[in-house]
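Subject: The two-chain model, and what turned up in it

Hello,

Here is the structure I promised to pass on to you. Have a look at it first, and then read on for my notes.

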Amino acid sequence: MSPRPNYLRVFLTFVRNSLIRDMMFPTNFIIESISSIGWVAMNLALYILIFNYTNYLGADAEGGGAWDKYQFFVFLATSLLINNIVQMFFMPNAEEFSELIRSGNLDFALLKPIDTQFLISLQKVDWSAAANLVLGLLLLGYALPRLDGFTPSLLAFVLYPLYIALGVSIMYSIMIGLAATSVWLGRNQSLYDFWFYITNFARYPLEIYNGPIGNYLRWALTILIPVLVVVNVPARLLAKPFQPEYTYLAVFAIVATALSLVVSRWVFRRALLSYRSASS
Amino acid sequence: MLTRTQTWWTILRISFEERLVYRGDFWLGTLMRFLPIVTQVFLWGAVFAGMGVAAKSGTSSGQIGGFSYHDMVAYYLVAMIGRAFSSMPGLASGIARQIRDGEIKKYLVQPIDLIGFLFLTRVAHKLVYYGVALGPFAVAFYLFRGYFSGWPPAEVLVAFLISLILAFLLGFFLEALIGMLGFWTLEVSSLLWIYMLFNFFLSGHMFPLSILPAPWNTIALATPLQYLAYFPAAVFLEKIEGSAMWQGLASQAAWVLFFVVACRVAFARGVRRYSAFGG
């Protein structure tokens, strides 16, 4: 018996078990998938509506700061992909984590001979989020050929999945960091609201944050809590021609991801050190 | 009659005190609820800027469905007030749960009417909510005051207030009715999801319904859901005025009446079907 567990095999087991669990109630699974597609469809309807009234989101059409319809759809598809990967793999686990802390059941996770953060973060997979992933890919496939006079380079296509992974990592870091704080707070309902409201800012191109308050917001949400690079960098890769002034953002995204992961790992370990088992 | 009033009063008071226990991070939570409006401010700013309009000055030439940029931001703020009156978190799922696990039988053996009891509880909860949420709402409206063009005339304010109260009644009886469906299907959560989906869209929480193009706006404005948020906000912003406003109030009241009756009928029929599961 090897002392080090095979993480990939453990992960695949999680994936399989979750699929079996979800398929035990097929009707429920189908309804969940349909309703999550429904939410996305309504959002899409709003943007189709908006582009009925305007050709561009933002005034700076010549400078490349404005987004036209299909460019924005690429942005939206990217946002869908990232958010639903997070939803699929991490969201149910982060929710479960606070519950484990509150009930004292975290003891059992700590006892297992495997990295606790790995176990806590990936135990469950929400398969119904896969429906929106497919929707995201379809939207991407629809919007890309319709981009006005521009085809993304091969390099962009290579970098795109990489930056999607970086974006997911940033989102994951914020989420697990917030969930870990429930060790100190006991209950953290409003922290989940906080997560929702903060990531809400990531759903739009950073150019829309304009004016004095907007500039400050853009700065804070890029440097302090780097949610603005999450979708913006990969979306811009495919949606817009290369612009040298955005290279710094692409480089910064790598740094931001590394820092987010390190900080969240640190917060997680500090949280475990402060954990005092409950109800035993 | 006197004892009945006393019973109602006691229920109201108990719910009132029960609600005041949890007010810890409520304040901050309510204030944070305005954060999505910040993104709406920027999103619509970009939309109107893209239309080539001096969005900042809010010139009347650049309008979407009768809404200027400032109107649009103001709309989201006022619609939040409407939602604060008409949203009933946990009402339908609570009724369905009580039917499923048999708890509902306590209303059948005690001289308390289920709908009346839930109604008073909800009134008490809402009153406490407004009492505590008034602070965050005032702060948010003060910060966003530049998007409003002053107070509407008294007549409009009265109509707005009536529409809010009707929105509360409509929201309550509509959701209670959905909860009553639990007598027939036991599991209403998936149905509730679909209802919430439509509610979010058709109540005008997402955008003012009047910006929808031709066939869709007629459809959207035909459902009672518009009275939960869109109608009160449109009244406040004087987008629906004069006789149209009073006619709107009348049909809002008619919908309330419809759902009160439907709710009563569903309960009476449901109780007859009810087979008292659980211990």
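**Chain A as a whole**

In chain A, 81% of the contacts with a separation of 6 or more are between residues 24 or more positions apart. Please keep in mind as you read that this is a predicted model.

Chain A holds 13 helices and two strands. Its radius of gyration is 20 Å, close to the 19 Å that the globule rule gives for 280 residues, so chain A is as compact as a globular protein of that length. Along the principal axes, the C-alpha atoms of chain A fill a box of roughly 65 × 45 × 35 Å. Of the 280 residues in chain A, 36% are buried.

**Chain B as a whole**

Chain B has 13 helices and zero strands, and its pattern along the sequence reads α-α-α-α-α-α-α-α-α-α-α-α-α. The radius of gyration of chain B is 21 Å, which agrees with the value near 19 Å that a compact globule of 279 residues would have. The box filled by the C-alpha atoms of chain B is roughly 65 × 40 × 35 Å along the principal axes. Buried residues are 37% of the 279 in chain B. If you take the contacts in chain B between residues at least 6 apart in sequence, 80% of them join residues at least 24 apart.

**Where the chains meet**

How many residues of chain B are in contact with chain A? There are 26 of them, and they touch 28 residues of chain A. On the chain B side, the elements that give two or more residues are α2 (26-32), α3 (35-50) and α10 (189-202). The largest share of that side, ten residues, comes from α3(B). Sorted by class, the side of chain B that touches chain A has 20 nonpolar, five polar and one charged residues.

Helix α2 (residues 26-53) of chain A packs with α10(B) at an angle of about 5 degrees, and their axes are 10 Å apart. That angle makes α2(A) roughly parallel to α10(B). From α2(A), the contact is made by I31(A), S35(A), G38(A), W39(A) and M42(A), and from α10(B) by S190(B), W193(B), I194(B), L197(B) and F201(B). By class, the contact of α2(A) with α10(B) has seven nonpolar, three polar and no charged residues.

Helix α2 of chain A also contains Y53(A). Leaving out residues up to four places away in sequence, Y53(A) touches V47(B), M51(B) and I64(B).

**The nonpolar core**

The largest nonpolar core has 143 residues. Which residues have the most contacts inside this core? They are V86(A), M175(A), L170(B) and F173(B). The largest share of the core, 14 residues, comes from helix α8 (residues 154-180) of chain B.

As background, nonpolar side chains tend to be buried together in soluble globular proteins.

**Two more residues to look at**

V183(A) is found in helix α9 (residues 182-185) of chain A. Why does V183(A) count as buried? The reason is that V183(A) has 22 C-beta neighbours inside 10 Å, and 20 or more make a residue buried. Leaving aside neighbours within four places in sequence, V183(A) is in contact with I101(A), A271(A), S274(A) and Y275(A). The C-alpha atoms of V183(A) and V10(A) are separated by 26 Å, and the two residues are 173 residues apart along the chain.

In chain B, look at E238(B), in the loop between α12 (230-236) and α13 (242-273). The phi angle of E238(B) is near 60 degrees, a positive value in a residue other than glycine. E238(B) has 15 C-beta neighbours inside 10 Å, so it counts as partly exposed.

Happy browsing, and do write back with any questions.

Best wishes

Key. Residues are numbered from 1 along each chain as its sequence is written. Chains are lettered from A and ligands numbered from 1 in the order in which they are written. This is a predicted model: local features need pLDDT of at least 70, side-chain atom pairs count only at pLDDT 80 or more; totals for chains, interfaces and linings use all residues. Two residues are in contact if their C-beta atoms, placed from the backbone, lie within 7 Å. Helices (H or I, at least four residues) and strands (E, at least two) are DSSP runs, numbered from the N terminus. Ala, Val, Leu, Ile, Met, Phe, Trp, Tyr, Cys and Pro count as nonpolar, Asp, Glu, Lys and Arg as charged, and the others, Gly among them, as polar. The radius of gyration is taken over C-alpha atoms; the globule rule is 2.2 Å times the number of residues to the power 0.38. A residue is buried if 20 or more other C-beta atoms lie within 10 Å of its own, exposed if 12 or fewer, and partly exposed in between; C-beta atoms are placed from the backbone. Axes are lines fitted to C-alpha atoms, for helices over the stretch in contact, and angles run from 0 to 180 degrees between N-to-C directions. Angles under 35 degrees count as roughly parallel, over 145 as roughly antiparallel, 65 to 115 as roughly perpendicular and the rest as oblique. A nonpolar core is a set of buried Ala, Val, Leu, Ile, Met, Phe, Trp, Tyr and Cys residues joined through C-beta atoms within 7 Å.
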